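Please read them with the structure open.

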Amino acid sequence: MGMKLDINGSVREVEASGDMPLLWVLRDLLQLSGTKYGCGMAQCGACTVHLDGKPVRSCVTPVSSVGARKVTTIEGLSPDGSHPVQRAWSEADVVQCGYCQSGQIMTAVALLEKKPDPTDSDIDAALSGNICRCGTYERVREAVRLAAKLKRGAK
């Protein structure tokens, strides 16, 4: 089935079964490999992307349900990694193996859009569904606090 998808600000045409998970459309059909496959059951958050700015688990989102909504992947945050959350991630040295990081970052971006100055409890609650096997949760929290400052123009 042919469909048009608004991905990272560009309309892309794909041929896919309507029940194909968005994750596989992104990775296999559009070669946007920044979004990762983790558990395939919406439990780990590695596959998090935004639909109209809200975080969703792309591994369980049928592509037919996307419609005209805007999909943003980690590649769509900024072409050069200059998004405040990406900069904060680098400055706080969050990444260890890096596998879960795109999902963590997409969730953090959504949190900061909703709560520009989140508390540690807000951060923990928002990111509790993003599992990191390396256990960098304290650095994730630090990076979200730093990203909030960067977004406000202060450091």
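**Notes on the fold**

1. The crossing of helix 4 and helix 5 is right-handed. The model is a predicted one. On the helix 4 side the contact involves Gln104, Thr107, Ala108 and Leu111, and on the helix 5 side Asp122, Ile123, Ala126 and Leu127.

2. The axes of helix 4 and helix 5 come within 10 Å and cross at roughly 130°. An angle over 145 degrees would count as roughly antiparallel, and one of 65 to 115 as roughly perpendicular; helix 4 and helix 5 are therefore oblique to each other.

3. The sheet is open and has five strands in the order 2-1-5-3-4, with mixed pairing. Strand 2 (10-15) and strand 4 (54-57) are its edge strands, each pairing on one side only. On average, neighbouring strands of this sheet are turned by 40° against each other, direction ignored.

4. Strand 1 (residues 2-7) and strand 5 (residues 70-72) run parallel and are joined by two bridges. Ile7 has Val71 in strand 5 as its bridge partner. Helix 1 (residues 22-29) packs on the sheet, where it touches strand 1, strand 2, strand 3 (48-51) and strand 5. The direction of helix 1 makes about 95° with that of strand 2.

5. Which residues touch the most other members of the largest nonpolar core? They are Val85, Trp89, Ile105 and Val144, in a core of 22 residues. Helix 2 (74-77), helix 3 (84-91), helix 4, helix 5 (120-127) and helix 6 (137-152) each supply at least two residues of this core. Helix 6 gives the largest share, seven residues.

6. Ile105 is in contact with Ile74, Leu77, Val85, Gln86 and Trp89, leaving aside neighbours within four places in sequence. Another core, of 16 residues, lies apart from the largest one; Val14, Ala16, Leu22 and Leu32 are among its members.

7. Is Thr136 buried or exposed? Thr136 sits in the loop between helix 5 and helix 6. Its relative accessible area is 2%, and the cut-off for buried is under 20%, so Thr136 is buried. Not counting residues up to four places away in sequence, Thr136 touches Val94, Gln96 and Gln101.

Technical notes. Residues are numbered from 1 along each chain as its sequence is written. This is a predicted model: local features need pLDDT of at least 70, side-chain atom pairs count only at pLDDT 80 or more; totals for chains, interfaces and linings use all residues. Side-chain values use heavy atoms; hydrogens and water are left out. Two strands pair if DSSP finds at least two bridges between them. Helices (H or I, at least four residues) and strands (E, at least two) are DSSP runs, numbered from the N terminus. Axes are lines fitted to C-alpha atoms, for helices over the stretch in contact, and angles run from 0 to 180 degrees between N-to-C directions. Contact means heavy atoms within 4.5 Å. A nonpolar core is a set of buried Ala, Val, Leu, Ile, Met, Phe, Trp, Tyr and Cys residues joined through side-chain atoms within 4.5 Å. Buried means under 20% relative accessible area, exposed over 50%, partly exposed in between (1.4 Å probe, protein chains only). Angles under 35 degrees count as roughly parallel, over 145 as roughly antiparallel, 65 to 115 as roughly perpendicular and the rest as oblique. A crossing is left-handed if the near helix is turned anticlockwise from the far one by less than a right angle, and right-handed if clockwise.
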